Every structure is written in C-alpha cells, then in structure tokens.
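Biologist: I have a new chain open and would like to go through it with you. Can we take it piece by piece?

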Amino acid sequence: MARMKPYANMFLVFVYITLCFMLMLYFYKERTVALESKNKQLANQNQQLKSENDYLMSSPEDSQKKKNGYYVWPELDKMAQKMVSESEGRFKKSWALYLVKESKRYDIDPYLVYELLKVETGNTFNPNLVGPPTKYGRAYGMSQFMKNTAPWIAEMGGLPYEEELLFDPYYSMQLSFIYLDYLHHEYGNWDEALTAYHRGMGGLEQYKKEHGHAKSWYAEKIQRKAKSHDAVAAAQ
C-alpha cells in the first residue's frame, strides 16, 4: 500500500491538472463566444450608422422636400376621401389629407403607407394603440414604433422626440415616411424595405437567411393591396 501512495498522489495531481485545463478551455470558449457576439453586435451597429450616414449624405434634402411646387388639390382630396370611405371613417379625413401630401413629398405611393397603417393597427387606425409585449418591448401609435427605434428615426428626420408624441397620428405617420424612405433607399426595393419595417433590419437578414428571399406575407399583402387601389384609380 505504501508503494501505491506515490502513484495515487500522481493520479490526483493529473486529475487536478486535467480539471484545471478543462475549466480553462471552458471559460476560454465562453469568453470567445461572448466576444464574437459582441463583435457581431458592434459590426451591425457600425453598418446601421454607415447606412444612416449614406442616406443623409447622398440626398441631403431631396427625399424630404417637395420635388414639384404644385399639386392639384382636388386630386389629393379625391385620394384622401377614398381612404376615408374604404376605412368606413376610421381613418379620418385630416389624417388622409396629411398622408397623401406627405407621400408626394417623399415620392412614396400613398396607398402603400395607408395599407401599412391598416395592417399595423389591425384595420382600426387607432392612434392610441399599444402593441402586445415582446422581448424588444411594445410598439406604440398608429405606425407601431418601439421606443428603441423611434428616437433615432426622429433624429434622422430632424424631428423632436418625446414618448407621448408616438400617439400623435401626424407624428406617427411622419416617422413611418422617414423610416420607409430610409429603408427603401437602403435596400432599393419594397420587399426588403417593408419586411425590415415589420421585423427590423436584423430580422430582415434572418428572414432572408431562412427563406432565401424577402417576400414576407407582410410585404406582399401591403404591396398587393396598394396596387389594387392604384388599379382602380387608373381605371377611373
């Protein structure tokens, strides 16, 4: 037994060293994963900042100013009234007129924004709507912006930001125009722009990775509905 004791001690030392080595590997792996995650997050933030800068620098005022000096008021009124009628009065005439005028300023199909608001509010057009809780928080107002997204969009558009403004229908619509204009400038098509509006820019990339395209139900429904309005208007 006395002869076995040195071997037992050596075995215990070996086990101890092995455990220490395994623990070092484990913590090293955990730290590596954490650093990779942090680097990915920083890369995404840098890309977003670059995208915002490109958007603001490429066209300092062009996307946020009138591209023509005059619009025929009866045409705007007719489009606005159609939205009011289609929504059975839930989308107020003053909101509709504001939407149509701003759509001209941003060169975005007004019916596309109208249908987006319809989907976001479940066809209620409720400016005081509060969305269900998610891991990212709740969405607020007619355009359903979250409190982690609305501030930088407002800043990008030169707007003030206060949380209660998210329930102002005109402010909410203005944010949606700024964000849609930014996203369309970033991606160059409405499939990606609308899917990013719905899922976030990171969510868009994940969706494309999983499906191989950006044609989400959200993007397709809004575009299809908007085209149906345009088709009726053209026929008339």
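**Helix ends, core and a buried charge**

Modeller: Just after α6, G188 takes a positive phi of about 80°. Keep in mind that this is a predicted model.

Biologist: What caps the N-terminal end of α6?

Modeller: D168 does, with a side-chain oxygen 2.8 Å from the backbone nitrogen of Y170.

Biologist: How far apart are the end C-alpha atoms of α6?

Modeller: They are 27 Å apart. At 1.5 Å a residue, the 19 residues of α6 should span 27 Å, so the two values agree.

Biologist: And is α6 mostly covered or mostly open?

Modeller: Mostly covered, since 15 of its 19 residues are buried.

Biologist: Let's step back. What is the overall make-up of the chain in helices and strands?

Modeller: The chain has nine helices and two strands. Along the sequence the pattern is α-α-α-α-β-β-α-α-α-α-α. Of the 236 residues, 36% count as buried.

Biologist: How many residues are in the largest nonpolar core?

Modeller: That core has 51 residues, and among those with the most contacts inside it are F91, L99, Y179 and L183. Elements that give it two or more residues include α2, α3, α4 and α9. The largest share, 10 residues, comes from α6. In soluble globular proteins, nonpolar side chains tend to be buried together.

Biologist: You listed L183. What is L183 in contact with, leaving aside its neighbours within four places in sequence?

Modeller: L183 is in contact with G188, A193, A196, Y197 and M201.

Biologist: Change of topic. What about α4: which residue caps its N-terminal end?

Modeller: D109 caps α4, with a side-chain oxygen 3.0 Å from the backbone nitrogen of Y111. Just after α4, G122 takes a positive phi of about 65°.

Biologist: How many of the residues of α4 are buried?

Modeller: In α4, 10 of the 11 residues are buried, including P110, E115, K118 and E120.

Biologist: E120 is charged. Which side chain of opposite charge is nearest to it?

Modeller: R199 is the nearest, but it is 11 Å away. A salt bridge needs a nitrogen and an oxygen within 4 Å. E120 is buried and has no salt bridge.

Biologist: Then what is E120 in contact with, beyond its neighbours within four places in sequence?

Modeller: The contacts of E120 are with L129, M142, S143, Q144, Y197, H198 and Y218. Y197 is also one of the contacts of L183.

Note on methods
Residues are numbered from 1 along each chain as its sequence is written. This is a predicted model: local features need pLDDT of at least 70, side-chain atom pairs count only at pLDDT 80 or more; totals for chains, interfaces and linings use all residues. Side-chain values use heavy atoms; hydrogens and water are left out. A nonpolar core is a set of buried Ala, Val, Leu, Ile, Met, Phe, Trp, Tyr and Cys residues joined through side-chain atoms within 4.5 Å. Buried means under 20% relative accessible area, exposed over 50%, partly exposed in between (1.4 Å probe, protein chains only). Helices (H or I, at least four residues) and strands (E, at least two) are DSSP runs, numbered from the N terminus. Contact means heavy atoms within 4.5 Å. Lys and Arg count as positive and Asp and Glu as negative; His and the chain ends are not counted. The expected span of a helix is 1.5 Å times one less than its number of residues. A polar contact is a pair of N or O atoms within 3.5 Å; within protein, one must be able to donate a hydrogen and the other to accept it, and residues adjacent in sequence count only if both atoms are side-chain atoms.
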